[in-house]
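Welcome, and please take a moment to look over the model below. We will walk through it together, one spot at a time.

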Amino acid sequence: MVGLIRKTWAIMRRPSTHYSLGFLTAGGFVMGIVFWGGFNTALEATNTETFCVSCHEMRDNVFQELKETIHYTNHSGVRASCPDCHVPHDWTSKIARKIAASKEVYGMLFGTINTPEKFEEHRLTMAQHEWARMEANDSLECRNCHAAESMDITLQSTRAAEAHERFLFTGEQTCIDCHKGIAHRLPEQAAAFSSPIGDGEIAVYLDTIAAEQD
């Protein structure tokens, strides 16, 4: 095996006797374009809702929950798909997210959440990981569509307007701190979490969400 590697390396280092440097340079350039095009095509193929729900773990659980929310069906017809909320738009962060998501593929292949019971068992852990990620990037995916400077809080419910003025506009909190249940059902254990809105429990910001959806 070592001998084969050495032989291959020696061939690669040896100057070409049949092709000019210009030809090799042009060939390398063309192959680079082909590789880069193929890589980005594959990357974008994995960045679609169709791909995200191709496994039944997602299709039968959180996707069904999303379909019942305002992010999926609303009066404006603007729909947020899976990658809109879970994959950063800028290239560097997107690649980092794709690498991290490889663990999710492992979970699918080895049946970690392949039944509704297993999914519920791991729901809180999965949710906490996603909440922590979005807290760390200041809810970047939310801000790709929602801009604080574009909000007209006079059109919002009183409670939502007060919360946005107190927490969002001041930078004291980020979107995910108050909107954990906006697209998917909260884990049952989430009732133990306190809300940043006043001193109430998580039900307080669920009321805010309900008011916004009304």
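What follows is a short tour of a pair of helices and then a loop.

This is a predicted model, where local features need pLDDT of at least 70 and side-chain atom pairs count only at pLDDT 80 or more, while totals for chains, interfaces and linings use all residues. Residues are numbered from 1 along each chain as its sequence is written, and side-chain values use heavy atoms, leaving out hydrogens and water.

Let us begin with helix H7 (residues 91-100) and helix H8 (residues 102-109), whose axes come within 4 Å and cross at roughly 25°. Helices here are DSSP runs of H or I with at least four residues, numbered from the N terminus. The axes are lines fitted to C-alpha atoms over the stretch in contact, with angles from 0 to 180 degrees between N-to-C directions. H7 and H8 are therefore roughly parallel to each other (angles under 35 degrees). On the H7 side, the contact (heavy atoms within 4.5 Å) is made by Arg97, Lys98, Ile99 and Ala100, and H8 brings Ser102, Lys103 and Glu104.

Now move along to the loop between helix H9 (116-136) and helix H10 (140-143), where you will find Asp138. Ser139 is found in this loop between H9 and H10 as well. Most residues other than glycine have a negative phi. Asp138, however, has a positive phi near 60°, and Ser139 has a positive phi of about 50°.

Are these two buried or exposed? Asp138 is partly exposed, with a relative accessible area of 39%, whereas Ser139 is buried, at 0%. Buried means under 20% relative accessible area, exposed over 50%, and partly exposed in between, using a 1.4 Å probe and protein chains only.

Methods:
Helix = DSSP H or I, 4+ residues; strand = E, 2+ residues; numbered from the N terminus. Parallel < 35°, antiparallel > 145°, perpendicular 65-115°, else oblique.
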